Amino acid sequence: MNNTETNRIENKEQLNEEFEQEVIAFLNYKEGGIIYVGVRKDGQVVGLKDVDLTQLQIKDRIKNNIQPSTLGLFDVIVETIDDKEVIKVVISSGTEKPYYLRKKGRTPEGCYVRVGSSKERMTERMIDDMYAKRVKHTLKEIDSPRQELTFNQLKIYYEEHGLKLNDNFLQNLDLLTSEGKYNYNAFLLADENNISIKLVKYVGTNKLELLENMEYGNRCLITATQRLLDRLDVENTTYAKIEYFGRKEQEKIDSKALKEAVINAIVHNDYSYGNSPIVELYSDRVEITSAGGLPQELSQEEFLEGVTAPRNKELIRVFKDVELIENIGSGVLRILDAYDKSCFKFMEHFLRVSFKYKDNPFEYDNEKLKNDKINDKINDKINDKINDKINNKEKQILNVLVDNENATIPEISAITKISTATISRYLKQLQDKRIIERVGSNKSGYWKIVE
């Protein structure tokens, strides 16, 4: 690890009173950032005495001391560097800028932004400009199309992961608007809705001939996601080869990258205009398309470097709670571990990920196995019909011709270690016995075994 502080990395030897200020600076910064706790300013790793306690303190301070809500915008991870435990706090660029200290309010004393490798207080002008650019149509403030919702499926998913939703879960998960109505996040996570994720399958490499058109949805978005992933797991046919020591397999598509691409498309999709993600299966590739293009002001370069600016932070928080997402900001980097940057296609209003199917690595081996079986049949015919008519040297020559009917006399000599003169003599004898015949000229013809 490079421990040097940069515009996106801040080191802190231990938690102190400035910690929230550093977090706010990254929330207000367009690229977000990372804070390492247990690392000195000069990059020396000192570690932490009580990692678990520090981790709890960090989560509590970020959630309770910063406004607006930071849920879904940060991740707290324990890492071991130089045999010492430190805490890595990953912070996304916020969607409701400017963020500020709760006790100071939206003032220069409470608002900070990252400038170079340090934090700076924001001026009143900067605060006003940032507030004016705030995304006003977040799902949190869009009323649910229905106000009679139930969340039994969501509660089950939480219970399966050792979590229990109490009576305040609607507020805790930001499923209500500022006026106390169910918002669009609640609609997406409710037991019933009209949101559908399409999976379309085509016969060839284009959309001319449709094979299947399926929909996964109209229910809790987590359930729809799970069912879609299960179907794609079936579609991701595995190439296989049976060997002496067992079965050898390879997927058509890297399953981890495929899962990340699908989940990213679902949690980052812009649902505000009624668009849903779509997965398209062609004969040579799979494409996953989500609506909304790149979130906020992110450039393509920043996106591909793993810079996070989540469009739907409330959904991300829920998906992380039920372990469909591991660490915030890791999805794109996991995809790029398996595929190059060309798999992403950036459009003004859409983002598409395309994975080409891998070639069958066992195709050559299977073809060779088939040819070997054919050769065995030919050899069986030779042995059955003429084994008593030929000597060992003639049999060696025949075996070469079975593998290569175009073999020349020097090539046969090199393989059998028999002199060219002797080979010429034996080829003439095999022709006289009507075991082989020459088809075509001596220069461009080939040897044919007579059945």
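Guide: Two strands are taken to pair if DSSP finds at least two bridges between them. With that criterion in hand, we can read this model, which is a predicted one.

Visitor: How many bridges join strand β14 to strand β16, and in which sense do the two run?

Guide: Strands of a sheet pair through backbone hydrogen bonds, in either a parallel or an antiparallel sense. Here β14, residues 285–291, and β16, residues 350–356, run antiparallel and are joined by seven bridges, with Ser-290 having Leu-351 of β16 as its bridge partner.

Visitor: In what order do the six strands of the open sheet stand?

Guide: The order is β10-β9-β13-β14-β16-β15, and the pairing within this open sheet is mixed. Because β10 (210–217) and β15 (344–346) each have a single partner strand, they stand at the edges, and one side of each is left without a neighbour in the sheet. Neighbouring strands here are turned against each other by 15° on average, with direction ignored. Helix α8, residues 255–267, packs on this sheet, where it touches β9 (196–202), β14 and β16, and the direction of α8 makes about 20° with that of β14.

Visitor: With which strand does β9 pair in the antiparallel sense, and with which in the parallel sense?

Guide: The antiparallel partner of β9 is β10, over seven bridges, whereas the pairing of β9 with β13 (residues 278–281) is parallel, over four bridges. Lys-198, in turn, has Ile-278 of β13 as its bridge partner, and Ile-278 stands opposite Thr-289 in β14. The β13 and β14 strands pair in the antiparallel sense over four bridges, and a hairpin of three residues joins β13 to β14.

Visitor: Is β9 mostly covered or mostly open?

Guide: Five of the seven residues of β9 are buried, which leaves this strand mostly covered; buried here stands for under 20% relative accessible area.

Visitor: What order has the open sheet of four strands?

Guide: That sheet has the order β1-β2-β5-β4, again with mixed pairing. The edge strands are β1 (9–12) and β4, each with a single partner strand, so one side of each lacks a neighbour in the sheet. From one strand to the next, the twist averages 20°. Strands β2 (residues 33–37) and β5 (residues 84–91) pair in the antiparallel sense over five bridges, among them the one in which Tyr-36 has Lys-88 of β5 as its partner. Helix α1, residues 19–27, lies across β1, β2 and β5 and runs at about 160° to β2.

Visitor: How much space lies in the largest pocket, and which residues are closest to its centre?

Guide: The largest pocket holds about 860 Å³ of space. It is lined by 31 residues, of which Lys-63, Leu-71, Asn-172, Arg-317 and Asp-321 are the closest to its centre. The elements giving two or more residues to this lining are α2 (51–65), β3 (66–67), β4 (74–81), α5 (169–172) and α10 (313–321), and α2 supplies the largest share, four residues.

Visitor: Over which residues does pLDDT stay under 50?

Guide: Where pLDDT is low, the predicted coordinates should not be read in detail. The mean over the protein is 86, and 89% of the residues reach 70 or more, but pLDDT stays under 50 over residues 366–371, for which the model has zero contacts beyond four places in sequence.

Key
Residues are numbered from 1 along each chain as its sequence is written. This is a predicted model: local features need pLDDT of at least 70, side-chain atom pairs count only at pLDDT 80 or more; totals for chains, interfaces and linings use all residues. Side-chain values use heavy atoms; hydrogens and water are left out. Axes are lines fitted to C-alpha atoms, for helices over the stretch in contact, and angles run from 0 to 180 degrees between N-to-C directions. Contact means heavy atoms within 4.5 Å. Buried means under 20% relative accessible area, exposed over 50%, partly exposed in between (1.4 Å probe, protein chains only). pLDDT is the predictor's confidence in each residue, from 0 to 100. On a 1 Å grid over the protein atoms alone, a cavity is a set of points where a 1.4 Å probe fits but cannot get out, and a pocket is an open set with protein on both sides within 12 Å along at least five of seven lines; lining residues have an atom within 4 Å of a point. Grid points are joined across faces, edges and corners, and a volume is the space filled by probe spheres set on the points.
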